[in-house]
Every structure is written in structure tokens, then in C-alpha cells.
Amino acid sequence: MVNRHADRTGRTVVITGGSDGMGRALALGRAARGDHAIAIGSSQARGDRLLSDAAELGLEGRIEFVRADLSTIAGNQAVLDHVGRHGSIDALVLGANRPSPKRVETVDGFESTFALYYLSRYILGHGLMPLLSQAPGPVIVNVAGVGATAGQIHWDDLQLRDRYRVVAAQLQAGRANDLLGVAMAERHGDQVPYVLYHPGFTRSGAAAREHVSPPARFTLKVLAAIAAQPVERAIAPIHGFIESPPTASLTAVDRARLVPLGLKTLEPSAARRLDQVTARLLADKLTARAHGDRRR
Ligand SMILES: NC(=O)c1ccc[n+]([C@@H]2O[C@H](COP(=O)([O-])OP(=O)(O)OC[C@H]3O[C@@H](n4cnc5c(N)ncnc54)[C@H](OP(=O)(O)O)[C@@H]3O)[C@@H](O)[C@H]2O)c1
């Protein structure tokens, strides 16, 4: 179906993980196409580099960098407050992630991969829904690992207190994002379509490699040089989703392949369960914080 919003420019596009890798390339690409990109990352140095590269390309003023630690509730809230000043938003692209070799707890008491790779996407998707709903052709694109069936949600130990492994944490958050897409599409997809996108092995993620041991870093670098695709190829479909949002409430794409929505990792009852568990987790944190504030 032809989308009537396809040739529009001047969109506002919010990109988490916009300071590096695919998100950075997407921010520059959207700015070059006449859009306004709000790129979010935690490193001021990477943000400054993005802005100076944009200026060199004649794109000054088309990209904003917002520094925020998206592994914390406060960091996500700061982004919601900042973006709230913009009025409507046309696209939200969720790409922030950073594997952690060791289990780290955030200030809110969540395991950091769960907090950054999944919870942030939950908070921002819900929090920006009112602004997305106002745009003529909005879309949310969650860049993760849909189509893969490895890993699981550890319902009895979501924070991986007993069995933390970097791969298990990444896979759990990946599967949680699959379910997030299903739940969001079920609730809001008629107004704001949701796209789950797995880019495949891509020559990005350089900062993530800094945290692994030197031999593993070398192996990953060699593998990336041989087997990974260039960033521009990985993000080409994301430009397509923004310029011509799907009409279906949920679309799942693993590399160039449409993922059948009946896949076991996209089970609606599991999606509703995770949605409820997450809402409760956040409500408990906010209640505990309110009590703490009152005691002070
Ligand atoms: N690369 C691949 O082969 C591949 C394959 C499949 C799926 N994916 C998925 O695709 C997405 C993008 O991957 P990528 O390779 O482009 O990532 P990347 O190059 O490692 O970039 C990660 C981005 O996340 C941001 N980030 C990390 N920690 C943050 C924090 N605490 N708060 C705010 N921002 C934070 C980083 O910004 P700062 O450094 O400024 O904090 C950076 O902009 C990820 O979700 C990844 O899981 C990647």
C-alpha cells in the first residue's frame, strides 16, 4: 500500500544510542534528508563529535545531542522532559545498548542490561506515545534481535541475581524487546505502528568491544572486518520505516526477512505478562522513591 506520508521531510526523529554506531549514522542520515534528529547517548565526548561532524557536513542545527544515562529511571525521565518541549514526534528509534561483562546494578536496583536494553525502551515508548500520536505518520522502531529464538525471560529472576552471564542478559533483554513490541502494538499499534528490527551482524558496537578482554576484542574486531555488514546497509531499512511507516500495527523484520508474527518469541500472553510485571516493577520503584522523599 502506498503511504501518503512517504515524501514528507522536516520530521522530528528521536534516536536512543544516537551518539555511536547505527544510531549515529541514522541521526546524520536523517539530518541530511531534512529531518531534525534528537540523538541520545551517555557520553558527552561522543555527542560533541557527532555535532562537530554534523557541522562539517553543513547539518548544523539539524541534530541535537541529549546526554542521558538511559540505564536509570531519572535519565529516561530527563529525556521525556526534554523531548516534551518539542511538540509532536514522528519517529522514535530505540538503539541504545551496551553489554556488561559483569553484573552491575543501577541506582534503581535493576540489572544494567535489563535497565538499558529493555526498561528504557519500555519507559520511552510509553512516555512518548502522546507526542507520537499527534504526528501524521508516526512509527516506533526497536532495533534489537527479533527472529532469534535463543535465550529466555527468567520470570523467577528477571534481574539475573543468581545466574548472570553477559550473553544470557543480552538474550533475555532481546526477547523482552520482542514482547514489548507485541504489547505496544496490541495497545497502541492502530495509532503508532511498532517495528521490531534485527539488523544482523554490523560493523558498529566499537565501544561495546572496549569492555571485553584484549584477546576477545581482537577476535571480535577481525570477525567484524570479515563478516559484518557496513552500518549504512544495516540502517537502510530504518530510513524506510521512518519515511513510509508500515500500516500494520506490528511488523517484525530480521535482516531483510519478514518474521511471522506467530513465532513463539512473539507470544501475546507472554507479552501481556511482561507488560504487567514491568509496570509493577516501575510502580514499586516510584512508590519506594516517594516514601524515601517523604522521610527526608
Ligand atoms: N552491531 C551488531 O552487530 C548488532 C546486531 C544485532 C542487533 N544489534 C542491536 O542494534 C542496536 C544498535 O547497536 P550498535 O551496534 O549500533 O550499538 P553501538 O555502536 O554499541 O552504540 C550503542 C549506543 O548506545 C548508547 N548507550 C550505551 N550505554 C548508554 C547509556 N547508559 N545511556 C544512554 N546511551 C547509552 C551509546 O552512547 P554512549 O556511548 O554515548 O553512551 C551508543 O550511542 C543495539 O540495540 C544492538 O543490540 C546490533
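In strand S6, valine 195 stands opposite valine 141. This structure is a predicted model, in which local features need pLDDT of at least 70, side-chain atom pairs count only at pLDDT 80 or more, and totals for chains, interfaces and linings use all residues. Residues are numbered from 1 along each chain as its sequence is written, and side-chain values use heavy atoms, with hydrogens and water left out.

**Strands around S5**

Helices (H or I, at least four residues) and strands (E, at least two) are DSSP runs, numbered from the N terminus. Two strands pair if DSSP finds at least two bridges between them.

| Pair | Sense | Bridges |
|---|---|---|
| S4 (residues 91-94) and S5 | parallel | four bridges |
| S5 and S6 (residues 194-198) | parallel | four bridges |

From S5 the chain passes through helix H6 (residues 166-188) to S6 in a right-handed β-α-β crossover; right-handed means that, with the strands pointing away from the viewer, the path from the first strand over the helix to the second runs clockwise.

In S5 (residues 139-143), five of five residues are buried, that is, under 20% relative accessible area with a 1.4 Å probe, protein chains only. Val139, Val141 and Val143 point one way, while Ile140 and Asn142 point the other.

**Nonpolar cores**

A nonpolar core is a set of buried Ala, Val, Leu, Ile, Met, Phe, Trp, Tyr and Cys residues joined through side-chain atoms within 4.5 Å. The largest has 53 residues, and those with the most contacts inside it include Val83, Ile140 and Tyr194. Helix H4 (residues 112-127) contributes the most, with nine residues. A second, separate core has 28 residues, among them Ile15 and Ala91.

How values were computed:
Buried < 20%, exposed > 50% of the residue type's maximum accessible area, 1.4 Å probe, protein only.
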